[in-house]
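Here is a short report on one protein chain. Please keep the sequence and the model open while reading.

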Amino acid sequence: MRIVVVGGGIGGLAAARGLWLAGFDVVVLERERTDEEIGGGILLGPNATRVLRRLGVGAGLDKIGVTPQAVRLVRWSNDALLSDFDLARDAERRYGAPYYGIYRPELVELLAAGLPDDMVRHGAEVVGVTNGPTGAEVRLADGSVEAGDVVVGADGMHSVVRGATVGDVNARFSRMVAYRAMIPWQKLPEGTGTVVRNWLGPGRHMNTFPMGAGARYLGMIAVVPEPVWSTESWTARGTVEDLRAHFDGWSPGVHALLDVVTDPVYRWALHDREPMPHWSTTHTTLLGDACHPMLPFMAQGPGQAIEDAAALAACLRRNRADVPSALARYEVARQPHTARIQRMSWSNNTSFHLPDGPQQELRDRGLSGSRSTEGLHWLYDNDPEHLPD
Ligand SMILES: Cc1cc2nc3c(=O)[nH]c(=O)nc-3n(C[C@H](O)[C@H](O)[C@H](O)COP(=O)(O)OP(=O)(O)OC[C@H]3O[C@@H](n4cnc5c(N)ncnc54)[C@H](O)[C@@H]3O)c2cc1C
């Protein structure tokens with residue numbers, strides 16, 4: 001069976017690995033010309049790192065991943081601790097896999113390492129897809145055609161495969177944008193510690209976490225309001241001055257970090273899409289941001305793409321003779337789970353950003369009691385290869 005994967009980001013490469021290990025003939029078509037990656041930091045929960053271990057990259061992952069000492073929610077005005085989750089310290093014992101801060105390009109490189117040389121084709125932009133009775137075809141910008149028994153759209157939030165197969169869904173702008181920066185560790189104030197911190201404040205929040213093999217950087221994602229629609233892009237630039245201005249009057253801890261931020265600062269408009277009821281046809285399917293883009297407020301975008309990859313490989317492995325049934329089973333296994341995370345991420349846009357007042361006090365009282373991730377077992381303990389009948 002030949003499988004054409006469109007997109008060589010985290011989801012596409014994880015799928016390629018899983019499908020290749022299952023013995024399928026795989027080609028990955030990636031639009032970018034080089035494998036030089038842009039991108040900042042991501043957090044991976046044990047639900048995703050467990051899958052990456054099964055994909056055979058566990059040792060490399062342990063080298064590039066940074067285990068935070070703690071995951072803390074903090075008050076915006078004075079750095080007061082709201083909650084100290086035991087997730088990072090306890091992930092291995094509780095869920096059998098680690099919780100890591102990761103520099104995205106290092107994960108992309110790790111996933112691609114060791115794949116056959118000709119499997120990932122760079123500079124291969126897909127412009128069209130046709131589903132047929134026995135297989136599917138993609139058309140590339142250079143006019144060439146690639147055919148497969150299955151075409152997998154792992155081509156991110158602007159997915160061409162989605163538009164050409166199940167139809168596009170309008171993006172929903174959250175009226176928030178995220179500034180993204182990386183601070184080299186040696187520039188950080190003393191005592192910063194390898195901690196994930198989320199400062200929650202009125203109308204905005206700031207998230208920082210350690211990342212880069214050997215904890216080389218502190219990643220910073222600063223989410224602020226922006227009433228006007230702007231483009232969904234991973235490469236649009238922001239300025240340090242604007243970033244600082246958004247946090248005027250915030251705590252000493254926030255200012256100590258903003259004082260040492262330098263260019264480049266990126267800025268991305270936060271969109272999601274309503275959960276899609278279907279994303280497969282008989283010989284095409286989608287994974288990751290192409291089918292369930294989510295706001296980053298549960299830090300699950302990359303993790304869910306990795307889970308999709310494992311579920312898809314499991315479905316095709318177990319049902320080689322009947323591709324349409326395998327793709328339908330994959331969708332049934334993944335759609336409700338990812339839709340739940342999309343909805344929760346969307347609602348965190350409100351609860352993270354409450355103005356000071358009775359609702360915020362209620363939220364903070366609730367947080368101070370919840371130190372464990374008990375309520376999130378369904379998320380961190382999920383095994384995507386465990387398929388419903
Ligand atoms: C450059 C970049 C930087 C990012 N930086 C961050 C970050 O700092 N923090 C964060 O939380 N998330 C970041 N993300 C998003 C995050 O990686 C994804 O939300 C998550 O990993 C889900 O992955 P995905 O594989 O579904 O999509 P993506 O990671 O978006 O991968 C999609 C891939 O498909 C390729 N592609 C798109 N269209 C076509 C086409 N027509 N033909 C061929 N290839 C195509 C893209 O070039 C990309 O490599 C970034 C994504 C990208 C692409």
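How many of the six residues of strand β2 (residues 25-30) are buried? Five of them are, and the strand is mostly covered. Buried means under 20% relative accessible area, exposed over 50%, and partly exposed in between (1.4 Å probe, protein chains only).

This is a predicted model: local features need pLDDT of at least 70, side-chain atom pairs count only at pLDDT 80 or more, and totals for chains, interfaces and linings use all residues. Residues are numbered from 1 along each chain as its sequence is written, and side-chain values use heavy atoms, with hydrogens and water left out.

Helices (H or I, at least four residues) and strands (E, at least two) are DSSP runs, numbered from the N terminus. Two strands pair if DSSP finds at least two bridges between them.

| Partner of β2 | Sense | Bridges | Example bridge |
|---|---|---|---|
| β1 (residues 2-6) | parallel | five | Ile3 with Val26 |
| β7 (residues 120-122) | parallel | three | Val28 with Val120 |

From β1 the chain passes through helix α1 (residues 10-21) to β2. This β-α-β crossover is right-handed. That is, with the strands pointing away from the viewer, the path from the first strand over the helix to the second runs clockwise.

**Ser280**

Ser280 sits in the loop between β17 (265-272) and β18 (284-286). Its relative accessible area is 16%, so Ser280 is buried. The side chains of Ser280 and Thr285 form a polar contact of 2.7 Å. A polar contact is a pair of N or O atoms within 3.5 Å; within protein, one must be able to donate a hydrogen and the other to accept it, and residues adjacent in sequence count only if both atoms are side-chain atoms. The Ser280 side chain also reaches the backbone oxygen of Leu327, at 3.5 Å. Leaving out residues up to four places away in sequence, Ser280 touches Val166, Thr285, Leu327, Tyr330 and Glu331. Contact means heavy atoms within 4.5 Å.

**Two domains**

The domain assignment gives domain 1 (2-171 + 273-380) and domain 2 (172-272). Such bounds come from an automatic or database assignment. The C-alpha centres of the two domains lie 22 Å apart. In contact are 50 residues of domain 1 and 44 residues of domain 2. About 3800 Å² is buried between the domains, and carbon and sulfur atoms give 63% of that area. In domain 1, Trp76, Trp346 and His353 lose the most area to domain 2, together 17% of what that side buries. Buried area is the accessible area (1.4 Å probe) that two parts lose on being put together, summed over both.
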